[in-house]
Amino acid sequence: MTLTVKMETKELSVFYKSFQAIHAVSMPMYENKVTAIIGPSGCGKSTFLRALNRMNDLVPGSRVTGEVILDGGNIYDQGKDVVEVRRRVGMVFQRPNPFPMSIYDNVAFGPRLYGLRKKALLDELVEKSLRGAALWDEVKDKLSQSGMALSGGQQQRLCIARAIAIQPEVILMDEPASALDPVATLRIEELIGTMKQWFTIVIVTHNMQQAARISDYTAFLLMNEERAGELIEFSGTEALFTRPKDKRTEDYITGRFG
Amino acid sequence: MNTTIVTKRPRWQQQLRYKLQHGDRLWKLLLLLASISVVVLVLWIAWRLWDQSALSRHQFGWAFISPWAPSSWNPALDKFQAWPSIYGSLITSIIALLLAVPFSVGIAIFLAELAPPVLRAPLNYMVEMLAAVPSVVYGLWGIYVFLPLVVVPLGNALAATGGQLPLLGGLLKGPMPVSGLSRLGAALILTIMITPTIAAVSRDVLLAIPRSQREASLALGATQWETIWQVLIPYGLSGILGAVILGLGRAIGETMAVTMVIGNTTGGGNSILRPGYTMASIIANEFAEAVSDMHASALIEVGVVLFVVTLLLNALARWLVWSVNRKTMGS
Amino acid sequence: MQKDIFAQVDLPRVYRRRQLVNSVMLGLTGLFLVLAIIPLIWITVYVIIKGGHYINLDFFIHLPRPMGTSGGGVLQAIEGSFVMVIIASVIAIPPALLAAFYLVTAPNTPLATAVRFSTDLLAGIPSIVIGLFIYAIVVVTQKHYSALAGGIALSTIMLPVIIRSAEEMLKLVPRELREGALALGSPEWKAALRVMLPAAAEGILTGIMLSIARATGETAPLLFTALGNDNYEIGNMIRQGVRHHQSVLAILGQILDQPADALPLTLWKYAQQPYPERVQQAWAVALVLLLFVLTLNILARFWLSHRRRQLGE
């Protein structure tokens, strides 16, 4: 299997009003691979991730320079439809945030937005998405129950099912297991391992062991003197954790700071 | 042993200390008394009104509030039946609610989700001010400005078009009084008056919804409107319903502005284009000049009905708002 | 996973439709707000123009002239409103604050729940019903209408407003402040009055201001408690009393015991009279009332948001 770049940032900087949160990050995200973003808290990992599907647009006073290339096109181009961007680049958040509606409706929410109304098609898609998120067997008999009634880990998998139901090409995950117990965390990690055969996955984590376990590539971000996040090192996960090229990466992964 | 304890403090300080601690008991008693009196006050209101309406209740029984009993409001004959004024309250409040709800929810959405930060504070102020204008001022403006300029032409147009319809026709039967004094006028003034109340509570409900709900929806590619309509409104639905019921309670209890524009007559049939009474306006208009004990008692019984209706509505509204708050905190 | 399920949908067309709906509906919410604000501006501007035209010094310092003649003022209404709001404040504020203290010091007792529920109910009872109640317990007992009865009716309106805002404000006082005072051995009442009350004073005051604004604009509870009185003039009553060598208490009793007028009551009566002079004066009264109520509201809210911001940071 050849390695293709699915998504790529070029000199990406993010500003909140006068404060610069991300400084000139350039890195690739390969198709059907898991790319992890690690770094100490406050280094802008989440901000970087949110720039990849323009979720930062929601923050008043935020501004982006540089490019985010998805399949050759800059998602920040004038006239680019943000709705289209978010359909192709899905997102899973730190805390499970299902809608207070039934499990079925949670998963069908996205597809319905895009005009999919036929019951049979939706049924099929909901099942496939729930299977994809390894939740089907647990909920297939209670699809009409509220999504809020599930356990934390199940809720997070429901959110994953909801995200993959719109059949995105890239899935962004913002510390998806940080609010979960170890067993649920393990299930999510396994799930990410299977999901990468269908999707390109970018995951932010503050847990280095997790990054080492599940990712193929790892990017290490660190604050510079102006407290803006900078890319210190990007390479294959194994290489980064065993033979870091940068002294600061080595300090971080050996636990000398952060 | 006891006698050997040495008192370190001078006697006057001990006395002061004793008195202060004694003061604590008095303080607690005061707090308790004040709190109990608030509860007692509500019970007292209920009991007093119930008691004072005895004459009327015994004389007329349930027929007093029945839609099917022959209606009559005749102080000369001491025969009273309250349905026309109950109908007036219901029809004006329901029309006001139907008109005010879309407006209020729209306003709440704009204030909570869309208003640019610079505009937010002044707009919120304006909505609050709208709720603060005294009822009589609305009434004065209603009589001399709103009725002739808006209600009369609107009423005439309705009578000319809707009045001809087979089913709705009865509700829209003309002629519209030239003064504009009518149930329609009251309903429209009520719309203006309850919109800020519903809007303000709904806005607070929307603002209390966690950000993660908005993010989840937008990340799926929903537009801002889809997020509002398909996620936020359902999430806050019971709270918004609470706001609506609060508005209904206000509309039913609203007195002065309605009394000034509704025309105050027990006739008027069912048409909204005709003058009428509401429960509040019949009390306001007649009680000070009640001609007999029975007349006064009947008016107080109308007050009892009003009390019970607003009590139920308020309890329901509080419960709905409370349940949405609990849900918000739970997640 | 097969990726062609959306091939069944004309995506660009769906996008266009959704964006259109989005713009239209969002625009509509803004339009609704503008439409709702129109009455506010309409009323305010109209009242200012109409009322400003008829307002003059006489208006504030003279009693009404006989019907059908021009001139005269509404001194009786200004004084009546003033007296009744003072009575209402004196009656409502102490128990309201005490109840609020109870709610913050014992927030979870059954009594606290009952008090909160009663407060909500009290705020929801139509003011005309409050008027009936006060008629039944005060006017019937006294056998005549009076400023006192009007003041008591207004106090019933103010009570829940003050309890609610005072409770909210006292809750904002940091717990450590009160516990610190108690730990130093100061008695409960001292901690409350010397520590919590000053800390929450501004917020409580704004709540009281709002309740006064509300009471000043209320008409319905006064209709059959204060009734109205064209000759309610405190100055006259005092002069009369002094001439007859009455005691201060007796004069005060006179002031409380007479039927009284109030600004909204006067507005209501004048608005429905066939004499144009009276209607003009109604507009002038509306102007005074509106300015008073809106100013109090704006001041209170401005002060409050300022204070909240201070506490928040």
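**Close-ups of the chain contacts, cores and salt bridges**

**View 1. Where chain C meets chain B.** Two salt bridges turn up across the interface of chain C and chain B, a salt bridge being a side-chain nitrogen of Lys or Arg within 4 Å of a carboxyl oxygen of Asp or Glu. One joins the side chains of Glu226(B) and Arg18(C), at 2.7 Å from N to O. This is a predicted model, in which local features need pLDDT of at least 70 and side-chain atom pairs count only at pLDDT 80 or more, while totals for chains, interfaces and linings use all residues. Residues are numbered from 1 along each chain as its sequence is written, chains are lettered from A and ligands numbered from 1 in the order in which they are written, and side-chain values use heavy atoms, with hydrogens and water left out.

**View 2. The chain C side of that interface.** Here 81 residues of chain C are in contact with 78 residues of chain B (contact means heavy atoms within 4.5 Å). Together the two chains bury about 7000 Å², with 82% of it on carbon and sulfur atoms; buried area is the accessible area (1.4 Å probe) that two parts lose on being put together, summed over both. The rule also picks out eight residue pairs in polar contact, both residues at pLDDT 80 or more. A polar contact is a pair of N or O atoms within 3.5 Å; within protein, one must be able to donate a hydrogen and the other to accept it, and residues adjacent in sequence count only if both atoms are side-chain atoms. Among the elements giving two or more residues to this side of chain C are helix H1 (11–54), helix H3 (75–105) and helix H12 (276–312). H1(C) gives the largest share, 19 residues. Helices (H or I, at least four residues) and strands (E, at least two) are DSSP runs, numbered from the N terminus.

**View 3. Where chain A meets chain B.** Chain A puts 21 residues into this contact and chain B 17. About 1600 Å² is buried between them, 69% of it on carbon and sulfur atoms. Phe99(A), Phe109(A) and Leu113(A) supply 29% of the area that chain A buries here, more than any other three residues. There is one salt bridge between chain A and chain B: the side chains of Arg50(A) and Glu215(B) meet at 2.7 Å, N to O.

**View 4. Inside the largest nonpolar core.** This core has 254 residues, and Leu130(A), Ile128(C) and Leu267(C) have the most contacts inside it. A nonpolar core is a set of buried Ala, Val, Leu, Ile, Met, Phe, Trp, Tyr and Cys residues joined through side-chain atoms within 4.5 Å. Look around Leu130(A): leaving out residues up to four places away in sequence, its contacts include Ile103(A), Trp136(A) and Leu158(A).

**View 5. A buried salt bridge in chain A.** Arg88(A) and Glu169(A) pair up with their closest N and O atoms 3.1 Å apart. Arg88(A) sits in helix H2 and Glu169(A) in the loop between H6 and strand S7 (170–174), 81 residues apart. Both are buried (buried means under 20% relative accessible area, exposed over 50%, partly exposed in between; 1.4 Å probe, protein chains only). Lys6(A) and Asp71(A) join Arg88(A) and Glu169(A) in a network of salt bridges.

**View 6. A salt bridge in chain C.** Asp261(C) pairs with Lys269(C), the closest N and O atoms being 4.0 Å apart. Asp261(C) is buried at 1% relative accessible area, whereas Lys269(C) is partly exposed at 29%.
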